[in-house]
Amino acid sequence: MNWITVAWPMIAATCFTLAGLHLMIGFRRRDKKAHLIYATFAAGVACFALYELQLAQAVTVKEFGDLQRWIHLPAYVLIVASFWSVHVFFGARRTITSWQSQSSAMYGCTPCCVSSAVSFNVARIRDQRPR
């Protein structure tokens with residue numbers, strides 16, 4: 001058993017715990033919207049960590065390519081949550097900037113999830129290194 005196999009689920013569990021705590025605080029204190037955004041951010045980090053673990057343990061090239069294509073969804077959640085956390089934390093009045101940033105991130109994420117290509121980062125994966 002590798003140390004990554006132990007550490008990454010622990011990181012994900014910690015992030016899910018923090019997400020649950022911030023979610024409960026956010027629902028109880030409606031005036032503090034930042035807690036809901038932090039819960040979303042923590043859940044995104046946890047999902048990203050689990051995808052990374054699955055990428056590290058992928059056996060076939062197809063499995064690795066599919067996981068690499070779908071890892072962009074938690075990355076999109078992280079980008080959007082970070083935009084909105086900056087917006088809420090600094091108390092910006094113009095929300096149009098956050099909406100524009102969110103939509104540009106969505107346009108970058110959408111093609112990788114619906115296309116048949118591996119990813120927009122990599123056009124083709126030929127082989128994997130043996131373990």
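Predicted model: local features only at pLDDT ≥ 70, side-chain atom pairs only at ≥ 80, totals over all residues.

As the two run alongside each other, α2 passes α4 in a left-handed crossing. Helix α2 covers residues 34-56 and helix α4 covers residues 72-90, and they pack at an angle of about 155° with their axes 9 Å apart. Because angles over 145 degrees count as roughly antiparallel, α2 is roughly antiparallel to α4.

The side of α2 that takes part in this packing includes Ala34, Ile37, Tyr38, Phe41, Gly44 and Phe48, while the residues they and others meet in α4 include Pro74, Val77, Leu78, Ala81, Trp84 and Phe89. Sorted by class, the residues of the contact of α2 with α4 comprise 16 nonpolar, 4 polar and no charged.

Helix α2 has another partner in helix α1, which spans residues 3-28; the axes of α1 and α2 come within 7 Å and cross at roughly 165°. These two helices are therefore roughly antiparallel to each other as well, and α1 passes α2 in a left-handed crossing. The contact of α1 with α2 has 23 nonpolar, 4 polar and 1 charged residues.

Trp3 has a relative accessibility of 57%, and because residues over 50% are classed as exposed, Trp3 counts as exposed.

Technical notes:
Residues numbered from 1 in each chain as written. Heavy atoms only, no water. Axes fitted to C-alpha atoms, helices over the stretch in contact; angles between N-to-C directions. Helix = DSSP H or I, 4+ residues; strand = E, 2+ residues; numbered from the N terminus. Parallel < 35°, antiparallel > 145°, perpendicular 65-115°, else oblique. Left-handed = near helix turned anticlockwise from the far one by under 90°. Contact = heavy atoms within 4.5 Å. Nonpolar A, V, L, I, M, F, W, Y, C, P; charged D, E, K, R; others polar. Buried < 20%, exposed > 50% of the residue type's maximum accessible area, 1.4 Å probe, protein only.
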